[in-house]
Amino acid sequence: MTLSHSMLAMEISAPGGPDVLKPVSVPVPVPGHGQIIIRVAYAGVNRPDALQRAGAYAPPPSASPLPGLECSGTVVEVGPGVTRWQIGDKVCALLPGGGYAEYVATPAAHALPVPTGMSMRDAACLPETCFTVWSNVVMRGGLAAGERFLVHGGTSGIGTTAIQIARALGARVFATAGTDEKCKVCTDLGAEAALNYRTEDFTAALKAEGGANLILDMVGGGYIERNIKALADDGRLVQIAFLQGAKAEINFAEVMMRRLTITGSTLRPQSDLAKARIAAEVEVHVWPMLASGALKVVHDSEYDLNDAPAAHWRIEAPGHVGKIVLKVEN
């Protein structure tokens, strides 16, 4: 297939607010060894995109400087060494960057088939959240059936996915959210209880249940000490972001005496091999959840690629629930 030499993309013209996202014409990427080129149908919008735009989350040296960490679309070119994918295949993929564009390059091992019967819009919402949740909740956090699991930000893209995956694994699921309406979204998705963090003490609530065996947190700051107190003995705290800051004062004697584990990860800086291993596990364990209906995409809103600034205003506002996407292919 002969591709055009240039494409429309949204670049970060300078660090700043959403309005620094500007349309540009840039060269279509060329696939390297083990890479595929995807004609993007939809691109997911995620908080790391907003952090990158603000100048707080630099892309890895080898990644595209364009924002966008997940997409759905059609394979239009395959690089040397690629055997699984062929031109015309429908895929969704975790990206090192570059998703806010008509075409994007990504390692072939980071792409997965669009689940049968799923729309391209839904498929674009899967990679970043599914890879993040599975790798942190299961591969790192070791969540098992019957355990008590707490996720903060229960109506975020990560939160809605974590609630459903944990429930499908047989865990008792608890969540926090900022309004009673959002708490209802969490319970409708399968949380046993959802706590309005503005009016309820999640630490006391979890301690009354025996403590959380696993907590997935993206808030940080003052939540870190409260999370530790909310853990059961031998509990695990997995940190994936710091919306309220990365520093906290904690009592490590409590960590030692109660045999607690504090860990965490970010997805983007991990090696291509590590992300390929996550992709393989997600395909084996999470894709069947989608097929059975145990896991569904929760949508907030859709914007055209040129409206990426509006999508960023939306993701930084307190009211959104679920995933935000950019429609790229018309």
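In this predicted model, the second largest pocket has 21 residues along its lining, and those nearest its centre are Arg47, Gly153, Lys182, Tyr197 and Leu243. Its volume comes out at about 480 Å³. Sorted by class, that lining holds 8 nonpolar, 9 polar and 4 charged residues.

Next comes the largest pocket, with a volume of about 720 Å³. Here 34 residues make up the lining, and Arg47, Pro48, Glu128, Ile240 and Ala241 sit nearest the centre. Two or more lining residues come from each of α1 (47-53), α3 (127-140), α4 (157-168), α11 (308-316) and β15 (323-327). As for the class make-up of the largest pocket, 18 of the lining residues are nonpolar, 10 are polar and 6 are charged.

Setting aside neighbours within four places in sequence, the contacts of Val286 are Cys130, Trp134, Ile165, Glu281 and Leu295. Leu267 lies 19 residues from Val286 in sequence, and the two are 17 Å apart in space, C-alpha to C-alpha.

Key
Residues are numbered from 1 along each chain as its sequence is written. This is a predicted model: local features need pLDDT of at least 70, side-chain atom pairs count only at pLDDT 80 or more; totals for chains, interfaces and linings use all residues. Side-chain values use heavy atoms; hydrogens and water are left out. Contact means heavy atoms within 4.5 Å. On a 1 Å grid over the protein atoms alone, a cavity is a set of points where a 1.4 Å probe fits but cannot get out, and a pocket is an open set with protein on both sides within 12 Å along at least five of seven lines; lining residues have an atom within 4 Å of a point. Grid points are joined across faces, edges and corners, and a volume is the space filled by probe spheres set on the points. Helices (H or I, at least four residues) and strands (E, at least two) are DSSP runs, numbered from the N terminus. Ala, Val, Leu, Ile, Met, Phe, Trp, Tyr, Cys and Pro count as nonpolar, Asp, Glu, Lys and Arg as charged, and the others, Gly among them, as polar.
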